[in-house]
Amino acid sequence: MKYLFIGGAPRSGTSALTELLSTHKRVAIGMERFKFCYSKKSVTKEMFTKDNFFRFDITQTNINDKNGKYVDFYQKLSKKFDGSSIVGDKYPQLYKFWPSLFENFGKDGRFLFIMRDIEDVASSFNVRASNPKDKWPEENNYKKAVEIWNQSLLIAAKAKSENKNICIVSYSKLFDSESYACDEEMQKIIRYLDLSDNEELILEHKKLQEKYLSHIKNKSKLIFEGQEQYIKENANKSLYFELFN
């Protein structure tokens, strides 16, 4: 059994990557299943047995299989869980807690870190921060996006320099089919996870590429006057492109 953890700065595509990989018949990745446990360094292999994984507890997460937008997702997951060879969880900022996961999961652990252009991340932070109906904190705007984005890159770069078993994925490379690297980025993930029988996975990847081109790539960004300069001066783009290549 392999254990997969997916993270990245919030609004960087962790959900899209999780939904993509979950189309594979032998991959079962939760949606923030243990989000309250990472800071306690208490996530262990035993939590990924079927009985424990589907015994939702409010001390572990505020997401479950009875209410909310992931009801269908978890129902599908439960039907294939027994036959899965890769199980795990997605939580954007779990990269902060990699050391305990490296220790607890050892050679059986796999770690995908997805990163996205800061302009897209900052715009998404602004959209949510400016929506009065969203529970997203108002102060989590473009400045907070830059702070978290920089922090995530530094942690990923440190883990990479220490030869930790992580795979860094580019959101734009993965989903922008106009990029020569799109299919190669998908194949990089497949090789890292040692997956076979990938027909459904590849088909879903194509669907997400089409969605990216038609609904996401050319969408206007919510970045106001003066914010572009702040992002330019403060976002660690040199490190981003270093990790990008």
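These are my notebook entries on a few spots I looked up in this structure.

**Ground rules.** I am working with a predicted model, where local features need pLDDT of at least 70, side-chain atom pairs count only at pLDDT 80 or more, and totals for chains, interfaces and linings use all residues. Residues are numbered from 1 along each chain as its sequence is written, and side-chain values use heavy atoms, leaving out hydrogens and water.

**Helix 1.** Which residues of helix 1 (residues 14–21) are buried? I found T14, L17, T18, L20 and L21; buried means under 20% relative accessible area with a 1.4 Å probe, protein chains only. They cover an arc of only 160° around the axis, so they share the same side of helix 1. The arc is taken from the directions from the helix axis to the C-beta atoms. Helices here are DSSP runs of H or I with at least four residues, and strands are runs of E with at least two, numbered from the N terminus.

**Aromatic pairs.** I searched the whole structure and got 29 aromatic pairs. Rings of Phe, Tyr and Trp (its six-membered ring) pair if their centres lie within 6.5 Å; planes under 30 degrees apart are stacked, over 60 edge-to-face, the rest tilted. F48 and F105 have ring centres 6.0 Å apart and planes at 75°, so this pair is edge-to-face. Both F48 and F105 are buried.

**R33.** Where does R33 sit? Its charged end is over the ring of F53, 5.8 Å from the centre, and R33 also lies over the face of F56, at 4.5 Å from the ring centre. The rule is NZ of Lys or CZ of Arg within 6 Å of the ring centre and within 35 degrees of the ring normal.

Note on methods. Buried means under 20% relative accessible area, exposed over 50%, partly exposed in between (1.4 Å probe, protein chains only).
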